[in-house]
Amino acid sequence: MSATLWIDLAAFERNLRAVQERVAPAETMLVVKDDAYGHGLVPIVSRAWLSGVRWFGAFDVETGVQVRSELGQDARVFAWMVFGAAQAAAAVDAALDVGVGDAATLEEVAAAAQRAGAVARVHLKVDTGLHRNGVRPEEWPAFVDRAVELEARRAIDVVGVWSHIAEATDDEDDAARARYEDAVAHLRSRGVARPLRHLSASAAAFARPEFRYDVVRIGAFCYGIRPAGGPDERRLGLTPVATLDADVVALEDGVARLGIGSCDGLPSTLGGRATVLTPDGERPLLGIEDTETLVGSWPSAAIGQRVRIFGAGAWSQTDLAETIDSIGEEIAVRLSPLVVRRYR
Ligand SMILES: *Cc1c(COP(=O)(O)O)cnc(C)c1O
């Protein structure tokens, strides 16, 4: 393999600032699941910390623990996939903020905290319609009762109330927000007066002020990944952070073979649909055959030349994704960790 994923940390910082300014006074939680959307966890969280980000959304406990060890005790690290007693214990041990969306996990987290002699910081999750994870509205009162009880025993501290929405249509999001408001009101009626509220991710947080509440959980936009079918990066004031280059490693019958292929995470369905950018500014079609990536109709091809597959000057990750009815995030996270990341 002979490919490089360039990560433009200055662009990342500009995106962060654009997001932070847009959503203020809500606070930005940078979502760093899937190795920071394939950008590399440690360099990304380090730069974000220097840029003033104080909340990190880790998804799983392992990632949360890594962020904690990288950034120290002052970072707020939110993990919302906690499975079983061992993970609950690890989350408590690393002082993570834990997202809890079912009664069994609530018990596990509380038990882990009591064993450790600690108080777990818990954000209760209501299901507002995605049906993925989260407590159904009809079960919310009993769930809240139990959380309040565990809080009285000093096992947990109910610090937040959250949900996740589709961000596909405004109508669906509005309905989800109404369910969310009901859940928040109920929690307050049970004595949790000022829970941190967080509901939305990139798209809704950017476009719709009433979705911002106290904290917004932003991944895609910080990495400069625009929504498929949505406004372009420039209109959003964002810059793609990642640029993927690959070298020509062989030439056969006028067809150039690149040092990256579908085994490295390029969706094979991109073949015949996406163009690449050559050093002389041509934009031939990408071909993927078996696992190999080929570029034809490029007369000046030579071994060692670099072709840009996405990023600065070339198509964006979302441009590629749109040709295969996917989303930019998928292009970003599928790329093999073996592709060298270089930071500049
Ligand atoms: C991935 C994720 C986000 C971030 O979504 P983006 O659209 O990338 O901003 C926010 N919240 C949850 C629960 C997520 O899983």
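Predicted model: local features only at pLDDT ≥ 70, side-chain atom pairs only at ≥ 80, totals over all residues.
Student: Start with the ligand. Which residues surround the ligand?

Tutor: A residue is near a molecule if one of its heavy atoms lies within 4 Å of it. Here the ligand is surrounded by V31, K33, Y37, W80, W162, H164, A201, S202, R217, I218, G219 and A220.

Student: Which polar atoms lie by the ligand's oxygen atoms?

Tutor: A polar contact is a pair of N or O atoms within 3.5 Å. Within protein, one must be able to donate a hydrogen and the other to accept it, and residues adjacent in sequence count only if both atoms are side-chain atoms. K33 has a polar side-chain atom 2.6 Å from a ligand oxygen. Y37 places a side-chain N or O atom 2.6 Å from an oxygen of the ligand. A220 uses a polar backbone atom, 2.8 Å from a ligand oxygen.

Student: How much of the ligand's accessible area does the protein cover?

Tutor: Accessible areas come from the Shrake-Rupley method with a 1.4 Å probe; for residues, only the protein chains shown count as cover. On its own the ligand has 390 Å² of accessible area, and the protein covers 88% of that.

Student: Now helix 1. How do I read its span?

Tutor: Helices (H or I, at least four residues) and strands (E, at least two) are DSSP runs, numbered from the N terminus. The expected span is 1.5 Å times one less than the number of residues. Helix 1 covers residues 9–23, which is 15 residues. From first C-alpha to last it reaches 21 Å, close to the 21 Å expected. At its start, a side-chain oxygen of D8 comes within 3.2 Å of the backbone nitrogen of A10.

Student: Which residues of helix 1 are buried, and what covers them?

Tutor: An α-helix has 3.6 residues a turn, so residues three or four places apart point the same way. Buried means under 20% relative accessible area, exposed over 50%, and partly exposed in between (1.4 Å probe, protein chains only). In helix 1 the buried residues are L9, A11, F12, E13, N15, L16, V19 and V23. Their cover includes strand 1 (3–7), strand 2 (27–31) and helix 3 (41–50). Helix 9 (202–207), strand 9 (215–218) and strand 15 (340–343) are also among the covering elements.

Student: Is H123 buried or exposed?

Tutor: H123 lies in strand 6. H123 is buried, because its relative accessible area is 0%. Its side chain makes a polar contact of 2.9 Å with the side chain of H198. Contact means heavy atoms within 4.5 Å. Leaving out residues up to four places away in sequence, H123 touches residues including W55, F78, D97, W162 and H198.

Student: How many disulfides are there?

Tutor: A disulfide is a covalent bond between the sulfur atoms of two cysteines. The rule here asks for a pair of cysteine sulfur atoms within 2.5 Å. By that rule the count is zero. C222 is buried at 0% relative accessible area, while C263 is exposed at 62%. C222 sits in the loop between strand 9 and helix 10 (233–236). Beyond four places in sequence, C222 touches F12, N15, L16, V19, L30 and V241.

Student: Which backbone angles stand out?

Tutor: Most residues other than glycine have a negative phi, and most peptide bonds are trans. A24 and P25 are joined by a cis peptide bond, with omega about 10°. P25 is in the loop between helix 1 and strand 2. D253 is not a glycine, yet has a positive phi of about 50°. D253 lies in the loop between strand 10 (242–252) and strand 11 (255–261) and is exposed at 82%. S297, also not a glycine, has a positive phi of about 50°. S297 lies in the loop between strand 13 (292–295) and strand 14 (306–310) and is exposed at 71%.

Key: Residues numbered from 1 in each chain as written. Heavy atoms only, no water.
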